[in-house]
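Subject: Structure handover

Hi,

Here is the structure I promised you. Please open it beside this email and follow along.

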Amino acid sequence: MEEAVKYELLHECKQTGARRGRIYTPHGIIETPVFMPVGTQATVKSLTPEELKEEIGAQIILANTYHLYLRPGQKIVKEAGGLHKFMNWDRPILTDSGGFQVFSLGDLRTITEEGVEFKSHLDGSKHFFSPESVMQTEEDLGADIIMAFDECVEYPSTYEYTKQSMDRTTRWAKRCKQAHKTKNQALFGIIQGGFYEDLREKSAKDLVELDLPGYAIGGISVGEPKEEFLKMLYYTAPLMPKEKPRYLMGVGTPDYLIEAVLAGIDMCDCVLPTRIARNGTALTWHGKIVVRNATYERDFTKLDEDCDCYTCKNYTKAYIRHLIKTNEILGVRLLSIHNLYFLTKLMERVRIEIEQDHLLDFKTQFYEEYGYTQKKGK
RNA sequence: GUGGAUGUAGCUCAGUUGGUUAGAGCGCUAGUUUGUGGCACUAGAGGCCGUGGGUUCGAGUCCCAUCUUCCACC
């Protein structure tokens, strides 16, 4: 059977084993490892798709089933001709299933074997998601890669609950596979199991048996200490098929991204760059800077001397600070452009370092320049 | 000149019949942000309560004087 998405492994870094690859999708090729900007409501907040392509060079973006189901409703997106046409983005799109929202909605939801009943955060109205309904919604949305409906358990959770939830997520993945009909979309499974190695192993093993076209690690980077994160990451990644894309959900910061790649991950996504942009913070090659702070009031230099993004080419810290302090939309836009460009460039650099078998050297050098100390970042 | 009002945090104002370390909103300062319920959240700094006197155990609060600003009237 012809798969919608295929992975090609181009090279493994001799220093680290990190993977340099390509993902072929109905909307083009993705060079991996890749960072995927998040556009929850069919928009990467404050940016146009043209800016994402031309100024940032984003290869693929995310959208969210939960949010688009609530507004405008998947039927409208379908009528528009699918997400790509609706939002005028012709590169690959991945839709998350709403599993994370189930987790973050907290007491607004009830989980049963059948699915999840939840109350809309918008108006309190009751709704129900099942693996089958989510597959239908994701098909209507029309992304290239669609995520199985899972449950992301919070940290910390008991062994008992995590096991129960993980097995249910596996059963839901089977139901997703069965319900999934379209041939031009790839259904990815999500490995759960919290912070218990045997549960991670079981989850991975059971899901791999389903022979899905790609796999993700879910349920980490949910507030645990970094050591825990790294332990589960390095334990779980090798359990994922080598010939398929490996996606780590919800990461992140530059150090987490590099660690993910070192562990053999191909794809990551995170709201961080756009979220902190809205709160006046920039990521740079020399560390994080809160440009909103008073110290930049008269700083007429660019955010990062080593950055050639649209923002850095044209604007100063003092100006961006002024825009953020006065709540001007342009401040958010300029910082979003810069932060996304930075993570995109970071991954581009990582790809080159893998090809040249120097990723470990790069990590050391980058950490030093970024300012991660031994105790802070490891 | 006369009468009335006003003066409390950087700004706009609350402060009950006089009673513990004088509050709020905004602003300011800093921290947080990791499959977006976030233009959000958390914390912090900052007041001889216009000034001087008086009454009282105790005054931002009452009395007198004085100054500031505003309004009205001669």
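Let's start at the RNA. V271 has a polar backbone atom 3.1 Å from a phosphate oxygen of RNA strand B. Keep in mind that this is a predicted model.

Several elements give two or more residues to the surface near RNA strand B: strand 5, helix 5, strand 14, helix 11 and helix 13 (317-325). Helix 11 gives the most, with 5 residues.

In T274, a polar side-chain atom lies 2.6 Å from a base oxygen of RNA strand B. In R321, a polar side-chain atom lies 2.8 Å from a phosphate oxygen of RNA strand B.

Now look from the RNA side. Of its atoms within 4 Å of the protein, 48% belong to sugar or phosphate. The rest belong to bases.

Next, the largest pocket. It holds about 820 Å³ of space. Its lining has 33 residues, and F100, Q101, D269, V271 and R275 are the closest to its centre. The lining divides into 13 nonpolar, 14 polar and 6 charged residues.

Where does the lining come from? Strand 5 (61-64), helix 5 (99-104), strand 14 (267-270) and helix 11 (272-278) each supply at least two residues.

Over to you.

Best wishes

Note on methods:
Residues are numbered from 1 along each chain as its sequence is written. Chains are lettered from A and ligands numbered from 1 in the order in which they are written. This is a predicted model: local features need pLDDT of at least 70, side-chain atom pairs count only at pLDDT 80 or more; totals for chains, interfaces and linings use all residues. Side-chain values use heavy atoms; hydrogens and water are left out. On a 1 Å grid over the protein atoms alone, a cavity is a set of points where a 1.4 Å probe fits but cannot get out, and a pocket is an open set with protein on both sides within 12 Å along at least five of seven lines; lining residues have an atom within 4 Å of a point. Grid points are joined across faces, edges and corners, and a volume is the space filled by probe spheres set on the points. Helices (H or I, at least four residues) and strands (E, at least two) are DSSP runs, numbered from the N terminus. Ala, Val, Leu, Ile, Met, Phe, Trp, Tyr, Cys and Pro count as nonpolar, Asp, Glu, Lys and Arg as charged, and the others, Gly among them, as polar. A residue is near a molecule or strand if one of its heavy atoms lies within 4 Å of it. A polar contact is a pair of N or O atoms within 3.5 Å; within protein, one must be able to donate a hydrogen and the other to accept it, and residues adjacent in sequence count only if both atoms are side-chain atoms.
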